Amino acid sequence: MNETRFPLALRDIRRTFVQGDRRLDVLRGITLELRPGEIVALVGQSGSGKSTLLHIAGLLERADGGEVMVDGKPAGTASDRERTVMRRQFLGFVYQYHHLLPEFSAIENVMLPQMLQGRSRGDARRRAAELLAMVQLQDRAEHRPGRLSGGEQQRVAIARAVANAPRMLLADEPTGNLDSTTSEAVFRQLLGLVRDTGMAALVATHNPELAARMDRTVTLKDGVLTG
């Protein structure tokens, strides 16, 4: 099948950490493909390597072997500058902790990644306003993170992650720091954005109920991906 059909394709990804005289094979030949509009749950025990896999898929860390294809383009041999450009053009990230910039308002936090890509301030503001409305935060747009609830902050982070219309969204425990009611609201917004935009999403989660609502689940155990 043509690689260009996949926003993200991982081919035989391997990653080993060395601690003294000990070798830890965290990822042992991971292969995974995500299709447009597909949301996939990544599950596994703490320490199983989920974050490492997401970092490699998101071009934040290099694998020891294998290839990462982003929008059909190989990233393994790309320079650090080329990988940075690929991240900005094709990838969005959501973490357990929102990492919003506290000195900026919600709408400014969503504007910033767009302006880094060269969009004018006016266009970035219009796009940010649309995204905040999609996550039902239009009335909180001018509030700084300190005046938002945890769930509201995470919804701003989701809007920021998709501001540049990425082909692929990577989320590392995006609801892990929230209570069950807030977690449900945030996940519903995340799912809606994936469906509405047609991007693919890989979501690491410990919540089996949320995982069951995604299109499919893959499990990372002993360095191997199943499912």
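Where is the place of aspartate 222? It is in the loop between strand 9 (216-221) and strand 10 (224-226). Helices (H or I, at least four residues) and strands (E, at least two) are DSSP runs, numbered from the N terminus.

Before going on, a note on the model. This is a predicted model, in which local features need pLDDT of at least 70, side-chain atom pairs count only at pLDDT 80 or more, and totals for chains, interfaces and linings use all residues. Residues are numbered from 1 along each chain as its sequence is written, and side-chain values use heavy atoms, with hydrogens and water left out.

Back to aspartate 222. Its phi is near 55°, a positive value in a residue other than glycine. Most residues other than glycine have a negative phi. Aspartate 222 is exposed, because its relative accessible area is 56%; exposed means over 50%, buried under 20%, and partly exposed in between, with a 1.4 Å probe and protein chains only.

Next, alanine 165. This residue sits in the loop between helix 5 (150-161) and strand 7 (168-172). Alanine 165 also has a positive phi, near 50°, and is not a glycine. With 52% relative accessibility, alanine 165 counts as exposed.

Last, the aromatic rings. The structure holds one aromatic pair. The ring centres of phenylalanine 93 and tyrosine 95 are 6.3 Å apart and the planes are at 5°, so this pair is stacked. Rings of Phe, Tyr and Trp (its six-membered ring) pair if their centres lie within 6.5 Å; planes under 30 degrees apart count as stacked, over 60 as edge-to-face and the rest as tilted. Phenylalanine 93 counts as buried at 19% relative accessibility, whereas tyrosine 95, at 29%, counts as partly exposed.
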